[in-house]
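Hi,

Here is the structure I promised to pass on. Have a look at it first, and my notes follow below.

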Amino acid sequence: MDNLMGYVIGETSNTELNFLAKQLPEIGSYVSINYCDLEILGMVESVNQGCKIFEEVYNIKDFEKLKYFENNDSYYTIGKIKILGDVKNMQIPRIPPKPGTEVYNASEKILGEIFSKGTIEIGNLISADSKVKLDVNKLCSRHLAILAITGMGKSNTVSVLLEELNNIHATVLVFDMHREYVEIEAKSSIIRRNIIRPKINVYNMSYDALMTLAGVDPQATVQRAMGRRAMKKIKETYKEVDFNTVDEYINSIINELNYYMGMDEFKSKVDSILTLIMRFEDLMTFKDKITAINYNPIQDIKENYVNIVDISELDESSTDLIISYFTGEILKDRKKVLWDTKVAKPIFIIYEEAHLIVPQNRPTKSKVPISKIAREGRKFGVGICLVSQRPKTLDQESLSQCNNFIISKLIEPSDQKHVQHASENLSEDLLKQLPGLNVGEAVIIGPCLKIPAMVKIKRFEGEYGGEDVKFDELWTIEKEKNIPEFIESNELFNDDL
Ligand SMILES: Nc1ncnc2c1ncn2[C@@H]1O[C@H](COP(=O)(O)OP(=O)(O)OP(=O)(O)O)[C@@H](O)[C@H]1O
Ligand SMILES: [Mg+2]
């Protein structure tokens, strides 16, 4: 048979083995081994080539003489196989194969059967002409992490996922930090986009969160204490519907603080109260775009749409507040829906730059609701996807709740170890492949696929905002506009400057 790859050699086990290869196997390719009436599927995880003739020759002249006698037959190739399971049930066999057992290239038919079962078409196997489709239920409920160094195709992967999810009428929410998806358009389908300009309900915010939004220093204990007191009083006195605008609510807090200023009890705190009032005034002036009252973010989310939350213009702390607020409210809403109707209303939430939102060594407001969803979202139909180019700075706890991984090139060993720590399925040999992956190539592991795969992610056919800027083309267009050759900049000599 021409698809004979070679023979099992050395000591074998039921999880991994070596084989002497007849043909040079590709890393990531699949092999099948028949023994004990089972057809076992394996993946080639590493390949080594050697030549006995050249061993221990350290003199260049001798080496060159020997090279004269060398031909292709002088080489040997040893491949290392990770056993994935039997073709029928994907169960690891209980016994290892005997040395000498034949190793075959896995047939396209078998690979087709394994990889074409899902609904989300993500790309092709690198080593064979087989489409790879992911199981959407396992992908969303068991959470996903998309990891790679910058420029390796994370946003392209997200765009492919968005188009595929859109095709099955999924409800998706993306926090778009760099306006990459706000104008996403696919060539072959219409992506139902719902752009959300996010707002936070000031009345529903915790006292501390509202003060953080107003810019009150976390260490300013007197301001924080006075703020809490004023807000508590206002909330006890008025309901949310009593206010028509954010300014009405904030002004009522300011009035309360003004009242404290006149009280003997707070004489020594007048300066702090005054600063706090200024902060609240600034809140009304500068944060008016992201604040609202009598508002629930859930009303902005459209079911069966790709909802894109445009957070591109927010600073870091407002981004954190918006993400934590939306995430928390979504989980609350989904829990309530399930309890009330006994039917879940699934949603998949994508967090770009996840290392900024759920960082490893720093508390953020978003970390609490996101790690909560990572732990318990599965039961309520809330799935998350963490996208990051700096995995080692990503919260280990949330990362390890992601069972599905799409990992492209990762160079730094500390990034690799961090990911390996979070995913027991990422073997040492697969890890070694990560630095060698090219743009758009990725290792996919997790329950969304029956077996791990090295995949060429398909190129998103359409437009999204994160593509590499073509410097030369853009500069050439400018050049063609007949720019004068010499510009005398009078301003530079202007005395007024
Ligand atoms: N699967 C693919 N096939 C072909 N080209 C791709 C693929 N994925 C990405 N590219 C190209 O690589 C470039 C960078 O891709 P992308 O913006 O997705 O990277 P990224 O990992 O999101 O980068 P960043 O970390 O900066 O956000 C783009 O120009 C894109 O066209
Ligand atoms: Mg990107």
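To start: is Tyr260 buried or exposed? Tyr260 is buried, at a relative accessible area of 3% (buried means under 20%, exposed over 50%, partly exposed in between, with a 1.4 Å probe and protein chains only).

Before the rest, some housekeeping. This is a predicted model, where local features need pLDDT of at least 70 and side-chain atom pairs count only at pLDDT 80 or more, while totals for chains, interfaces and linings use all residues. Residues are numbered from 1 along each chain as its sequence is written, chains are lettered from A and ligands numbered from 1 in the order in which they are written, and side-chain values use heavy atoms, with hydrogens and water left out.

Now the rings. Phe, Tyr and Trp rings (for Trp, the six-membered one) pair if their centres lie within 6.5 Å; planes under 30 degrees apart count as stacked, over 60 as edge-to-face and the rest as tilted. That rule gives 13 aromatic pairs. One of them joins Phe243 and Tyr249, edge-to-face with 5.2 Å between centres and 70 degrees between planes. Tyr260 pairs with Phe266: the centres are 5.5 Å apart and the planes at 55 degrees, so this pair is tilted. Phe266 is buried too, with a relative accessible area of 5%.

Tyr260 also has Arg229 over its face, 5.5 Å from the ring centre (the rule: NZ of Lys or CZ of Arg within 6 Å of the ring centre and within 35 degrees of the ring normal). Likewise, the charged end of Lys235 sits over the ring of Tyr203, 4.9 Å from its centre.

Next, the inside. A nonpolar core is a set of buried Ala, Val, Leu, Ile, Met, Phe, Trp, Tyr and Cys residues joined through side-chain atoms within 4.5 Å. The largest has 133 residues, and Leu210, Tyr249 and Phe280 have the most contacts inside it. Helix α9 (residues 316-341) gives the most to this core, 8 residues (helices are DSSP runs of H or I, at least four residues, numbered from the N terminus). A second, separate core has 13 residues, among them Val8 and Ile83.

Finally, helices α7 (residues 246-261) and α8 (residues 270-286) pack at about 170 degrees, their axes 10 Å apart (axes are lines fitted to C-alpha atoms over the stretch in contact, with angles from 0 to 180 degrees between N-to-C directions). That makes α7 roughly antiparallel to α8, since the label applies over 145 degrees. Tyr260 is among the α7 residues that meet α8.

Cheers

Conventions. Helices (H or I, at least four residues) and strands (E, at least two) are DSSP runs, numbered from the N terminus. Angles under 35 degrees count as roughly parallel, over 145 as roughly antiparallel, 65 to 115 as roughly perpendicular and the rest as oblique. Contact means heavy atoms within 4.5 Å.
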